[in-house]
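Subject: Handover of a structure and the findings from it

Dear colleague,

Please find the structure below, followed by a written account of what was found in it. I would be grateful if you could read the two side by side.

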Amino acid sequence: MPANPRQTRFAHITKAHPCFNEKIHDKVGRIHLPIAPRCNIHCKFCTRDINECEMRPGVAARVMTADDAVEHVKKVRSEMPISVIGVAGPGDALANEETFEFFKKASKEFPDLLKCMSTNGLLLPDKADEIVEMGVNTVTVTVNAVDPEIGEKIYSFVIYGGKVYRGREAFEVLSRNQLEGIEKLAERGVIVKVNSVLIPGLNDEHIVDIAREVKRRGASLMNIIPLIPMGEMKDYPRPTCEQIERVRGEVEKIIPVFRACTQCRADAYGIPGKKGADKHLDMTPASHY
């Protein structure tokens, strides 16, 4: 029987992508380019910031231009082996024109590197074709609910098509676009990983439903990450290791689960989680490139 082209493509990517393969997570380098500061939704657990201290998503020491990012990739590659370059914030990749400018440059400058981005998925249906044209290989979409009763408690507002949506309507717009976008990307050969933030007492019993739906839409992998209690959800408990493992075990019956996520900063580079080899930017102006 001939190999499934999609499975072959996925296998090729997992050989080189530390966020898709636990066996190489501490062996392969990646670069997150902090070129996307703006966001078009508000998650109640999210607090974006510019600093050198916090080790979490939504944080960078500074924001780069697309040209700065190209020079940064060149510099890092001269110092260490890198297989993946990606845009993961500190806002939403698709809500920033700099993301598109960077990937267009990167496809010419770095044809040998895997191209990756993370997004909330709001603009995926509108941008799916452009994502493919830019040569992006993998997209990570954060999906925290598919049930409106749960989803409306996670998001404060969504800005889409020049209009601000709130409450349940905001979640319904976001969820519809996330699922449609995942389906469009999968149909076009882009490998999709879904991140779900585990929020105890809110979506912990619901993540298996997310898994069933995103698998049906074409996602290849899921990553269950613990809530970092911040913002409007600062009083929620942080999930225990037992809670995380239980949910991961249930989800793994439906779709493969990635278990080695270190919840990286938006400007992280080097080998994820490896002492001395996992770095991030400092506050030095980008002009030093």
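How are H4 and H6 oriented to each other: roughly parallel or roughly antiparallel? H4 and H6 pack with their axes 8 Å apart and at an angle of about 20 degrees, and they are therefore roughly parallel to each other. Angles under 35 degrees count as roughly parallel, over 145 as roughly antiparallel, 65 to 115 as roughly perpendicular and the rest as oblique.

This is a predicted model, in which local features need pLDDT of at least 70 and side-chain atom pairs count only at pLDDT 80 or more, while totals for chains, interfaces and linings use all residues. Residues are numbered from 1 along each chain as its sequence is written, and side-chain values use heavy atoms, with hydrogens and water left out.

Helices (H or I, at least four residues) and strands (E, at least two) are DSSP runs, numbered from the N terminus. Axes are lines fitted to C-alpha atoms, for helices over the stretch in contact, and angles run from 0 to 180 degrees between N-to-C directions.

Helix pairs

The crossing of H4 and H6 is right-handed (left-handed if the near helix is turned anticlockwise from the far one by less than a right angle, right-handed if clockwise).

Helix H7 (residues 207-217) and helix H8 (residues 241-252) have axes 9 Å apart and pack at an angle of about 30 degrees, which makes H7 roughly parallel to H8. The crossing of H7 past H8 is right-handed. Ile207, Val208 and Ala211 of H7 meet Val247, Glu250 and Val251 of H8 in this contact.

Strand E6 and its parallel partners

Strand E6 (residues 114-119) is largely enclosed by the rest of the structure, because 5 of its 6 residues are buried (under 20% relative accessible area, with exposed over 50% and partly exposed in between, for a 1.4 Å probe and protein chains only). Strand E5 (residues 84-87) runs parallel to E6 and is joined to it by 4 bridges; two strands pair if DSSP finds at least two bridges between them. Leucine 114 in E6 is the bridge partner of valine 84. From E5 the chain passes through helix H3 (residues 97-109) to E6 in a right-handed β-α-β crossover (with the strands pointing away from the viewer, the path from the first strand over the helix to the second runs clockwise).

E6 also pairs with strand E7 (residues 138-142), in the parallel sense and over 4 bridges. Here serine 118 stands opposite threonine 140 in E7. Helix H4 (residues 124-133) carries the chain from E6 to E7, and this β-α-β crossover is right-handed.

The antiparallel sheet

An open sheet of 3 strands has the order E2-E8-E9, with antiparallel pairing. Strand E2 (41-43) and strand E9 (163-166) stand at the edges with a single partner strand each, so one side of each is left without a neighbour in the sheet. From one strand to the next, the twist averages 20 degrees. Strand E8 (residues 155-160) is joined to E9 by 4 bridges, and valine 158 stands opposite tyrosine 165 in E9. Helix H6 (residues 167-187) packs on the sheet and touches E2, E8 and E9, its direction making about 60 degrees with that of E8.

Two prolines

The peptide bond from glycine 89 to proline 90 is cis, with omega near 10 degrees. Proline 90 is placed in the loop between E5 and H3. Proline 226 belongs to strand E11 (residues 221-226) and counts as buried at 18% relative accessibility.

With kind regards

Notes. Contact = heavy atoms within 4.5 Å.
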